[in-house]
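Here are a few notes to read alongside the model. Have it open and follow the points in order.

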Amino acid sequence: MVHFKLIYFPLRARAEIARQILEYAGKDYTEEVVTFEQWPALKNSTPFGQLPVLEVDGKPLGQSYAIARYLAKEFGLAGKTDVEEAEVDAIADQFKDYLNDVVPYMSAVAGFKPGDVNQLRTDVFVPNFKKHFAFFEGILASNPSGFFVGNSLTWVDLLISQHVQDVLEKDLAVVEEFKKVQAHRKMVQGLDRIKQHIARRPEYPF
């Protein structure tokens, strides 16, 4: 049996997609929580000087999206055909573009970098959220299954629904116009294993 160990900070953030894939697949894994005080001494031992890292039978795999794609392929959450897999990857890459666009706001909210949070919300976060989530809303509107791709769950459903939940907890107003996105989040996070995971996971800040 393959042994998975996920290594990350005491946060949901970039490791949560791996957790949710493993939880949905019903796979056992261990998690090593690295504190921010421990991190400098461990940084150079990771593949790219960053976390998360997934160890697969001791072999380290870096980069959160590479980890997610690997696990999704292993457990049937990458898309049922090559075309579906490409669609999933395209949506995930678009979501990554969105995250890159809102980095100044997210960094200020998290306290990692200085900045006027209210001004950054107005100038950076809201326009970029509306721009990118208009794409996601349209994709969901075109698929009667309620999922982003095909007629079953893929890892990009988990990825985006978790982010929407994070936003809802802090900024309900920006999500209100995206009805399909809200319904999607409710459907995905209502899946039994995901619902159970959310109920018992640690109360990390983000």
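1. Start with one term: a contact here means heavy atoms within 4.5 Å. Keep in mind, too, that this is a predicted model.

2. With that in hand, look at Arg 185, which sits in helix 9 (residues 179–189). Leaving out residues up to four places away in sequence, Arg 185 touches Ser 161, Val 164, Gln 165 and Leu 168.

3. Is Arg 185 buried or exposed, and which side chain of opposite charge is nearest? Arg 185 is buried, and the nearest side chain of opposite charge is Glu 169, 8.2 Å away. A salt bridge needs a side-chain nitrogen of Lys or Arg within 4 Å of a carboxyl oxygen of Asp or Glu, and Arg 185 has none.

4. Next, find Ser 107 in helix 5 (residues 103–110). Why does Ser 107 count as buried? Its relative accessible area is 13%, and buried means under 20%.

5. Who touches Ser 107? Phe 112 and Lys 113 do, again not counting residues up to four places away in sequence.

6. Now zoom out to the domains. An unreviewed UniProt entry places "GST N-terminal" at residues 2–79. That span is 32% helix and 22% strand, with its end C-alpha atoms 22 Å apart.

7. The unreviewed UniProt annotation "GST C-terminal" covers residues 81–206. Over those residues the chain is 74% helix and 0% strand, and the end C-alpha atoms are 33 Å apart.

Key:
Residues numbered from 1 in each chain as written. Predicted model: local features only at pLDDT ≥ 70, side-chain atom pairs only at ≥ 80, totals over all residues. Heavy atoms only, no water. UniProt positions renumbered as here; feature names shortened; annotations may be inferred. Helix = DSSP H or I, 4+ residues; strand = E, 2+ residues; numbered from the N terminus. Buried < 20%, exposed > 50% of the residue type's maximum accessible area, 1.4 Å probe, protein only. Lys, Arg positive; Asp, Glu negative; His and termini not counted.
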